[in-house]
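Dear colleague,

Please find the structure below, together with its sequence.

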Amino acid sequence: MEKYVVTLSRQFASMGRTIAQRMSEELGIEFYDRDIVEETSKRTGLDIHSISDVEENGSNIFAKRRFPLGMGLISIQNETFQVQSEIIKDFASKDKPSCIIVGRCADFVLRDHPRVLNIYIYAPYEARLKNCVEKLGMDEKTGKAMIQQVDRARETYRLRYSDGVRTVLDHRDLLIDSSRFGPEKTADLLCGVVRSVFGD
């Protein structure tokens, strides 16, 4: 089958990463998430924890403390985005196998790719809070804080680096509520769509 790429963006605690992993297993294709962070660390010299802070907590005071005295959180974030964009393009290149890429504005980065399907996973707040407690092992207070913080950081990051993007719909082909079907069924449904679009 000709090479294709699925990008999967998600709200925090919508179980998007779990869904992407299941899809990669069912479709028999590569799965890239933390691999992008690890490769970014190799190319920039930043440690993995710092990159994660830049990605998820760009406006957070704890991230700013990691880069004190004018070292330039924004310039580090800019560099991280540029490096990750090149990594994403490398993973999506013709000489690599089909893959799923999670997050990091991959839908925008690959906007000119001829065979890409962009998926967005969301869920109602209460369902996500329940996932935080029951599936991610957080107490309710931490879950509430994480949902607010990570959602805001991801949206800020996307608006900053995806030129022309204004709404959650831009550069997305398919949006699905994971709480409606559960992670496994959601993954199964999405695999069906991928096969329908790109062939079995």
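Contact here means heavy atoms within 4.5 Å. This is a predicted model, in which local features need pLDDT of at least 70 and side-chain atom pairs count only at pLDDT 80 or more, while totals for chains, interfaces and linings use all residues. Residues are numbered from 1 along each chain as its sequence is written, and side-chain values use heavy atoms, with hydrogens and water left out.

Leaving aside neighbours within four places in sequence, S41 is in contact with L46, D47, I48 and I51. S41 itself belongs to helix 2, residues 34-44 (helices are DSSP runs of H or I with at least four residues, strands are runs of E with at least two, and both are numbered from the N terminus). Because its relative accessible area is 17%, S41 is buried, where buried means under 20%, exposed over 50% and partly exposed in between, with a 1.4 Å probe and protein chains only.

On the surface, Y122, V168, L169 and L175 form a nonpolar patch with about 310 Å² of accessible area together. Such patches are made of residues with over 30% relative accessible area and no salt bridge, nonpolar side chains (Val, Leu, Ile, Met, Phe, Trp, Tyr) being joined within 5 Å and like charges within 9 Å; a salt bridge is a side-chain nitrogen of Lys or Arg within 4 Å of a carboxyl oxygen of Asp or Glu. Y122 lies in strand 4, residues 116-122, and is partly exposed because its relative accessibility is 31%.

Lastly, the second largest pocket holds about 160 Å³ of space. A pocket is an open set of points on a 1 Å grid over the protein atoms alone, where a 1.4 Å probe fits, with protein on both sides within 12 Å along at least five of seven lines, and lining residues have an atom within 4 Å of a point. Its lining includes F81, K89, R111 and Y161. Helix 5 (73-92) and helix 6 (106-109) each supply at least two lining residues, and helix 5 gives the most, with five.

With best regards

How values were computed
Areas by Shrake-Rupley, 256 points an atom, 1.4 Å probe, with all protein chains shown as cover. Points joined across faces, edges and corners; volume = space filled by probe spheres on them.
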